[in-house]
Amino acid sequence: MGKFLRPAAYAYTLFIAVICLMPMPRVSNAPKDSDKVIHLLVYFLFTLIWFLYYFLRAKTENFKQSLIKCAGLALIYGILIEVVQEVATVSRSADFKDLIANSIGILTGVILIIAMKSQFLRLKSKF
């Protein structure tokens, strides 16, 4: 599983960039701010995938370091995507509410990872 984590993390990161930077059609029937749930889920998964990559890839990575790295990366990446949407696209724009939803997704991921610490430690011992 370890050798698949790097490509999975990179592919998911690229997937987010493509989805967030491509032109998005307006859906007039969608409830206001309904896309925030998607942001939350996307960054929740981003946090989990990158945590697994950092935590399982090297013997020297410890739990706390991996958690800080994945949460920091997710937060910086979310901010970067919003900035790029504002300056490099014509059909998308930065939205502070997206950053809040991203942050809630990251925080939810961090809480889950902490709650499952013993399972992650057991998983790492198999590598």
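Student: Is tyrosine 54 buried or exposed?
Tutor: The relative accessible area of tyrosine 54 is 13%. Under 20% counts as buried, over 50% as exposed, and values in between as partly exposed (1.4 Å probe, protein chains only). Tyrosine 54 is therefore buried.

Student: What kind of model is this?
Tutor: Residues are numbered from 1 along each chain as its sequence is written, and side-chain values use heavy atoms, with hydrogens and water left out. Local features need pLDDT of at least 70, side-chain atom pairs count only at pLDDT 80 or more, totals for chains, interfaces and linings use all residues, and the model is predicted.

Student: Which class of aromatic pair do tryptophan 50 and tyrosine 54 form?
Tutor: Rings of Phe, Tyr and Trp (its six-membered ring) pair if their centres lie within 6.5 Å; planes under 30 degrees apart are stacked, over 60 edge-to-face, and the rest tilted. A search of the whole structure finds twelve such pairs. For tryptophan 50 and tyrosine 54 the centres are 5.6 Å apart and the planes 40° apart, so the pair is tilted.

Student: Which helix holds both tryptophan 50 and tyrosine 54?
Tutor: Helices (H or I, at least four residues) are DSSP runs, numbered from the N terminus, as are strands (E, at least two). Tryptophan 50 and tyrosine 54 are four residues apart, about one turn, in helix α2.

Student: Where does leucine 56 lie, and what is its relative accessibility?
Tutor: Leucine 56 lies in helix α2 (residues 35-57). Leucine 56 counts as buried because its relative accessibility is 7%.
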